[in-house]
Amino acid sequence: MTFRRSDFPDGFLFAAATSSYQIEGHAQGGAGRTHWDDFAATPGNVVRAENGDRACDHYTRYEEDLDLMAAMGLDAYRFSTSWARVLPEGRGTPNPEGLDFYDRLVDAMLARDLKPMATLYHWELPSPLADLGGWRNPDISHWFADYTRVIMDRIGDRMFSVAPINEPWCVGWLSHFLGHHAPGLRDIRATAHAMHHVMTGHGRAVEVLRDLGVRNVGAVCNFEYAHPSDDSPEAARAAELYDGYYNRFFLGGLFKGAYPEDVMKGLETHMPKGWQDDFPLIGQKLDWLGLNYYTCKRIAPVDGPWPSHAEVEGPLPKTQMEWEIYPDGLHHFLTWVDREYTKGLPLYVTENGMANPDVVGQDDDARIDYLNQHIAAALRALDDGAPLKGYTFWSLLDNYEWALGYEKRFGLVHVDFDTLERTPKASYHALARALKA
């Protein structure tokens, strides 16, 4: 690595991230069924119809995984709790095994001096709630608030930070408009409802967290830099609209009490009744904002219904996900978000990393180079005044990569999905040396 811990301010936190369904092994410990189980069981949705039943078996191997983080020299662990593990029916009677697991997990983090950074929802909606419309149903904000109270009443006193929902764009647009993630819909009305209800769910969860006295409450959004496909005004407008529903929609709700006008030209007709009245709930004071960043996109105008654009291939080197490597985008978002929205609020990079077709014993140079470039971009943003307080690597482990099954490997630690053996990669060792320098 080309950086050292001493290049960052005192108290700067380095962390690794995972999510519950991707690593725990959902078919154990009394967890209920999720809409990802249903989505994966539908032919054609997921590579080889793979699911999270076994995943990395973190449920029983969590001590080994926490030992890997401690040995790496990390300061914190960004993890998520599973709604369906805590409340198998989504509502009603909690699962004691699930609550006990997260209790043990948090205590084990603290025993290793790893600060717990919790996310309450990383996409594993309980199937009984999906049957009721899921994120399309306005009642989901209340269901989510109830779940928040159950899990945080148990572990909230030991959290370093809590964010209600990971990547609202994925919950709303990717899953309800593009259909790539569960529940796999392609419906603009469903999208408008889900995008708004994920924000009201965030707001009600924040209310519960404040009521419980949980400190350091934030939000985590994902960001992509939108390049016009060419120099035409039409391409510029297409890229601006992509930026609107991907980046500015959720920031607008959280920090400006309004959604972007260019996005609402397409969505307003489909929005749930009374949506304009919900911004006081959505925009409650936060203590920090997390930014997940991986790539940029090239956006071209096309004929057809709104949003009337499409992604086209770009010229930059790409990861195993076919995502362009564009570290300048991370610098842009860290400085732009601070300047236009958060105004000095602490920022964290809550996910950054790359998928690479790793083979044990071979080099990991591509991942090391990717991380070096993006950490350098974060350092530039710090020099330019961004209030960046921490950096989180995605992911600790190779894991279940949603609709892409177990093919795409984001981990700093290789997982053999036959034996579940963990083998730290060269990037893991390089980061460990940098963090200890």
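This is a predicted model: local features need pLDDT of at least 70, side-chain atom pairs count only at pLDDT 80 or more; totals for chains, interfaces and linings use all residues.
**Close-up views of aromatic and helix contacts**

**View 1. The rings of Tyr-400, Tyr-406 and Phe-417 form tilted pairs.** The structure holds 48 aromatic pairs. In one of them, Tyr-400 and Tyr-406, the ring centres are 5.3 Å apart and the planes stand at 55°, so this pair is tilted. Both Tyr-400 and Tyr-406 are buried. For Tyr-406 and Phe-417, the centres lie 4.7 Å apart with the planes at 55°, so this pair is likewise tilted. Tyr-406 belongs to the loop between β9 (388-394) and β10 (413-415), and Phe-417 to the loop between β10 and β11 (422-424), so their pairing ties together parts that are eleven residues apart in sequence.

**View 2. An aromatic cluster that includes Tyr-406 and Phe-417.**

**View 3. Packing of helix α5 (residues 96-111) with helix α7 (residues 140-155).** The two helices pack at an angle of about 40°, and their axes are 9 Å apart. This angle makes α5 oblique to α7. The crossing of α5 past α7 is right-handed. On the α5 side, the contact is made by Leu-99, Asp-100, Tyr-102, Asp-103 and Val-106; on the α7 side, by Val-150, Ile-151, Arg-154 and Ile-155. Of the residues in this contact, six are nonpolar, three are charged and none is polar.

Key. Residues are numbered from 1 along each chain as its sequence is written. Side-chain values use heavy atoms; hydrogens and water are left out. Axes are lines fitted to C-alpha atoms, for helices over the stretch in contact, and angles run from 0 to 180 degrees between N-to-C directions. Helices (H or I, at least four residues) and strands (E, at least two) are DSSP runs, numbered from the N terminus. Angles under 35 degrees count as roughly parallel, over 145 as roughly antiparallel, 65 to 115 as roughly perpendicular and the rest as oblique. A crossing is left-handed if the near helix is turned anticlockwise from the far one by less than a right angle, and right-handed if clockwise. Contact means heavy atoms within 4.5 Å. Ala, Val, Leu, Ile, Met, Phe, Trp, Tyr, Cys and Pro count as nonpolar, Asp, Glu, Lys and Arg as charged, and the others, Gly among them, as polar. Rings of Phe, Tyr and Trp (its six-membered ring) pair if their centres lie within 6.5 Å; planes under 30 degrees apart count as stacked, over 60 as edge-to-face and the rest as tilted. Buried means under 20% relative accessible area, exposed over 50%, partly exposed in between (1.4 Å probe, protein chains only).
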